[in-house]
Amino acid sequence: MFSQRQETIKQDIEQALSEVIDSLNCPSCLRQAMAYSLLGGGKRLRGMLVLLTAELFKLELNRPMPIACAFEMIHAYSLIHDDLPALDNDDYRRGRPSNHKQFGEALALLAGDALLTHAFAVAAEACRTYQPKTAFAIMCEIARAAGPDGMVGGQVIDTVETGHALSLSELEKMHNLKTGAMISAAVRCGALLGGAEQEQLDRLGRYGQCLGLAFQVVDDILDVTGSKQELGKTIGKDSQQGKTTYVSLLGIEQSQQVADDLLAEAKAIIEPFGSPGRPLIDLAEYIGSRRK
Ligand code: IPE
Ligand code: IPE
Ligand code: MG
Ligand code: MG
Ligand code: MG
């Protein structure tokens, strides 16, 4: 369960995302397909991480909001493509038909492309108002995390390796790329916006890495123990497709232990920030016990 504060921030992000959709001037079927995945639920974890990390440096939440939106747009695109028949072939997402089931594969593919590209437009527009050095650093973070050395690279390993066994270290690498890279970059972008020094940036980046890997380990667990109703996605998909996951290698209990250890490390990194770090610690706790 989210705290009241997390719920409020989630709603603020959703309001900003709906303004992004309203400002589009594109074919209406494309707008509809983009809105379907961008506004149709989701925990808004990545957006929240941008905002809460920036807040650690006393930045008002509206300054980093476009960057939070960019992360959620790239995330939404990654889910649309992840569900396509050529990847996980998943019919159900966020409690309803996945994008290609609703709009067909061609439009789903293009809506994903559009969300990815437009995320960079939204981020770049906002960067006009930031210090040039910060602006360049943020654009680089986002592009690197989303691309071949980040999320897309991880997705390629996942898809190409489907049906083949991975070792634990290969699996960890894949999870760090497909999920950890974007989560860690969201934290780093919040820190960059807040004017973090290199040492703080490194520490917070490590917090993000721990969180990101733990998040995907818990995703693997929920694929076995979760309920379709709570999660809003198909259960048992990983074993059905012969994927190596933390659960297939370590079992449920040991996987939960891995996640808990990572989250303990994440929390320890934030503790020196004192009470302003509390929301980031709460998020780590949420990730360890989430049911959706
Ligand atoms: C799902 O991410 C894909 C993974 C990286 C595991 P989320 O669980 O954050 O998806 P939403 O945005 O809340 O639906
Ligand atoms: C997807 O991982 C990670 C992405 C980059 C989208 P999964 O394939 O495990 O995500 P779910 O379980 O479909 O949400
Ligand atoms: Mg997948
Ligand atoms: Mg999937
Ligand atoms: Mg999964």
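**Ligand sites and aromatic contacts in the predicted model**

An oxygen atom of ligand 1 comes to 2.7 Å from an N or O atom in the side chain of Arg94, a polar contact in the sense of a pair of N or O atoms within 3.5 Å (within protein, one must be able to donate a hydrogen and the other to accept it, and residues adjacent in sequence count only if both atoms are side-chain atoms). The structure is a predicted model, in which local features need pLDDT of at least 70 and side-chain atom pairs count only at pLDDT 80 or more, while totals for chains, interfaces and linings use all residues. Residues are numbered from 1 along each chain as its sequence is written, chains are lettered from A and ligands numbered from 1 in the order in which they are written, and side-chain values use heavy atoms, with hydrogens and water left out.

Turning to ligand 2, its neighbours include Ser78, Leu79, Asp82, Asp88, Arg93, Met151, Gln155 and Lys178. The side chain of Asp82 places an N or O atom 2.9 Å from an oxygen atom of ligand 2. Polar side-chain atoms of Asp219 and Gln216 also face oxygen atoms of this ligand, at 3.1 Å for Asp219 and 3.5 Å for Gln216.

The metal sites come next. Asp82 (OD) and Asp88 (OD) coordinate the magnesium ion (ligand 3) at 2.2 Å, and Asp82 (OD) and Asp88 (OD) coordinate the magnesium ion (ligand 4) at 2.1 Å. Donors here are N, O and S atoms within 2.8 Å of the metal (3.2 Å for Na, K and Ca); water is not among the atoms, so sites may look incomplete. The two magnesium ions are 3.1 Å apart, with Asp82 coordinating both. Both Asp82 and Asp88 are buried, meaning under 20% relative accessible area, with exposed over 50% and partly exposed in between (1.4 Å probe, protein chains only).

Elsewhere, helix α2 (residues 28-38) has several buried residues, among them Leu30, Ala33, Met34 and Tyr36; helices (H or I, at least four residues) and strands (E, at least two) are DSSP runs, numbered from the N terminus. The buried residues of α2 pack against α1, α4, β2, α5 and α6, with contact taken as heavy atoms within 4.5 Å.

One aromatic pair is found in a search of the whole structure. The ring centres of Tyr36 and Phe103 are 5.2 Å apart and the planes stand at 80°, so the pair is edge-to-face. Rings of Phe, Tyr and Trp (its six-membered ring) pair if their centres lie within 6.5 Å; planes under 30 degrees apart count as stacked, over 60 as edge-to-face and the rest as tilted. This pair joins distant parts of the chain, with Tyr36 in helix α2 and Phe103 in helix α5, 67 residues apart. Tyr36 counts as buried at 13% relative accessibility, whereas Phe103 is partly exposed at 23%. Arg96 lies over the face of Tyr36, 3.8 Å from the ring centre; such a charge has NZ of Lys or CZ of Arg within 6 Å of the ring centre and within 35 degrees of the ring normal.

How values were computed
A residue is near a molecule or strand if one of its heavy atoms lies within 4 Å of it.
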